[in-house]
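Here is a report to read with the structure open beside you. Take it one section at a time and look up each residue as you go.

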Amino acid sequence: MAMTLGYWDIRGLAHAIRLLLEYTDSNYEEKKYTMGDAPDYDRSQWLSEKFKLGLDFPNLPYLIDGAHKITQSNAILRYIARKHNLCGETEEEKIRVDILENEIMDTRMALARLCYNPDFGTWLLTHGSWGSYAALGRPVPLPRVSVSEGGDSCFVPQEKLKPEYLEALPETVKLFSQFLGKRPWFAGDKITFVDFLAYDLLDRLRMFEPKCLDAFPNLKDFIARFEGLKKISAYMKTSRFLPKPLFLKMAVWGNK
């Protein structure tokens with residue numbers, strides 16, 4: 001019986017999952033949900049099913065494998081990886097997997113917060129909590145940036161966000177390069193599920209800033225090694241491969 005992977009019809013949090021399912025030659029089918037266009041961004045396709053699937057914590061992505069119903073993207077990756085012994089074997093490998101899994105999530109979310117910022121106006125921080133931009137009428141997550149205190153409110157100029165992110169990016173990428181070192185895969189000699197997460201992140205970063213990996217040949221070699229895997233290479237040539245859009249429709253960058 002085929003597993004069902006449910007997610008938006010974007011790359012998003014499902015990219016590494018799809019890659020892992022393909023690499024492990026898993027029998028699966030996708031349930032893709034479409035979000036409506038601006039300004040409403042209608043989510044009724046998903047919301048009409050959200051509480052009818054028997055999920056403990058209804059969310060996207062989800063994986064249904066018979067009686068097993070799983071949400072949270074990294075939990076899904078670990079579930080698939082355990083079936084194929086891709087979680088690390090030695091204690092050192094498992095520690096490296098755990099560290100990298102969480103470091104990648106932090107780095108990926110920082111990029112996502114930046115890319116979801118509308119390209120206008122000034123953002124307002126009130127009483128220590130991120131507020132919503134009045135013109136949107138909805139909360140939007142922001143990157144962590146330096147702000148100037150002003151009484152009860154702080155103001156963050158939007159035009160400063162990308163330059164500040166790019167200024168810090170080389171040091172971020174350097175840490176991943178040092179962690180990989182001369183290993184072929186991030187945990188060691190054998191591929192693990194965090195390599196699928198790492199590939200997804202590094203690929204996004206080079207799309208955002210094409211030169212960001214130039215000073216780190218081991219990371220460029222890692223990407224080439226990953227894309228050269230037989231099943232990954234074959235998948236990337238199919239119509240099922242979804243390199244973009246990276247984010248949902250309200251994102252400023254990553255969807256064209």
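## The core

Let's begin with a term: a nonpolar core is a set of buried Ala, Val, Leu, Ile, Met, Phe, Trp, Tyr and Cys residues joined through side-chain atoms within 4.5 Å. This is a predicted model, and the largest nonpolar core in it has 74 residues. The members that touch the most other members are Trp8, Phe193, Leu205, Phe222 and Phe226. Helix 6, which covers residues 193-208, gives the most to this core, with ten residues.

Now click on Phe226. Leaving out its neighbours within four places in sequence, Phe226 is in contact with Leu19, Trp185, Ile191, Asp195, Phe196, Tyr199 and Ile232.

Zoom out for a moment. The protein chain has eight helices and eight strands, and of its 256 residues, 46% count as buried. If you take the contacts with a separation of 6 or more, 66% of them are between residues 24 or more positions apart. The accessible surface of the chain comes to about 13400 Å², and carbon and sulfur atoms account for 52% of that.

What about the predictor's confidence? The chain averages a pLDDT of 87, and 83% of the residues score at least 70. Residues 119-158 are another story: pLDDT stays under 50 there, although the model has 68 contacts beyond four places in sequence for this stretch. Where pLDDT is low, the predicted coordinates should not be read in detail.

How is helix 1 placed relative to the rest of the structure? Helix 1 runs over residues 15-23, and eight of its nine residues are buried, so the rest of the structure largely encloses it. The buried ones are His15, Ala16, Ile17, Arg18, Leu19, Leu20, Leu21 and Glu22. They pack against strand 1 (3-8), strand 2 (28-33), helix 3 (73-83), helix 6, helix 7 (217-227) and helix 8 (230-236). Just after helix 1 comes Asp25, with a positive phi of about 55°.

Next, helix 7. Its buried residues include Asn218, Leu219, Phe222, Ile223 and Phe226. These cover an arc of only 145° around the axis, which puts them on the same side of helix 7. The packing partners of the buried residues in helix 7 are helix 1, helix 5 (161-180), helix 6 and helix 8.

## Strand 3 and its partners

Strand 3 (residues 62-65) and strand 4 (residues 68-71) pair in the antiparallel sense, over four bridges. Across this pairing, Tyr62 stands opposite Thr71, and Asp65 stands opposite His68. The two strands form a hairpin with two residues between them, and Gly66 in the turn has a positive phi of about 65°.

Strand 3 also pairs with strand 1, again in the antiparallel sense, over three bridges. Here the bridge partner of Leu5 is Leu63 in strand 3. Are the faces of strand 3 covered or open? Both are covered: Tyr62 and Ile64 are buried on one side, and Leu63 and Asp65 are buried on the other.

## A spot on helix 4

Asn102 is in helix 4, which spans residues 91-115. Its relative accessibility is 48%, and the cut-off for exposed is over 50%, so Asn102 counts as partly exposed. Asn102 and Val194 are 92 residues apart in sequence, yet their C-alpha atoms are 9.6 Å apart in space.

Most residues other than glycine have a negative phi, and most peptide bonds are trans. Tyr41 lies in the loop between strand 2 and helix 2, and counts as buried because its relative accessibility is 17%. Gln72 also has a positive phi, near 80°, and is not a glycine either. You'll find Gln72 in the loop between strand 4 and helix 3.

Which peptide bonds are cis? The bond from Leu60 to Pro61 is cis, with omega near 0°, and Pro61 sits in the loop between helix 2 (44-47) and strand 3. A cis peptide bond also joins Lys244 and Pro245, with omega about 0°. Pro245 lies in the segment after helix 8.

Conventions: Residues numbered from 1 in each chain as written. Heavy atoms only, no water. Buried < 20%, exposed > 50% of the residue type's maximum accessible area, 1.4 Å probe, protein only. Contact = heavy atoms within 4.5 Å. pLDDT = per-residue confidence, 0-100. Arc of directions from axis to C-beta. Pairing = 2+ DSSP bridges. Areas by Shrake-Rupley, 256 points an atom, 1.4 Å probe, with all protein chains shown as cover.
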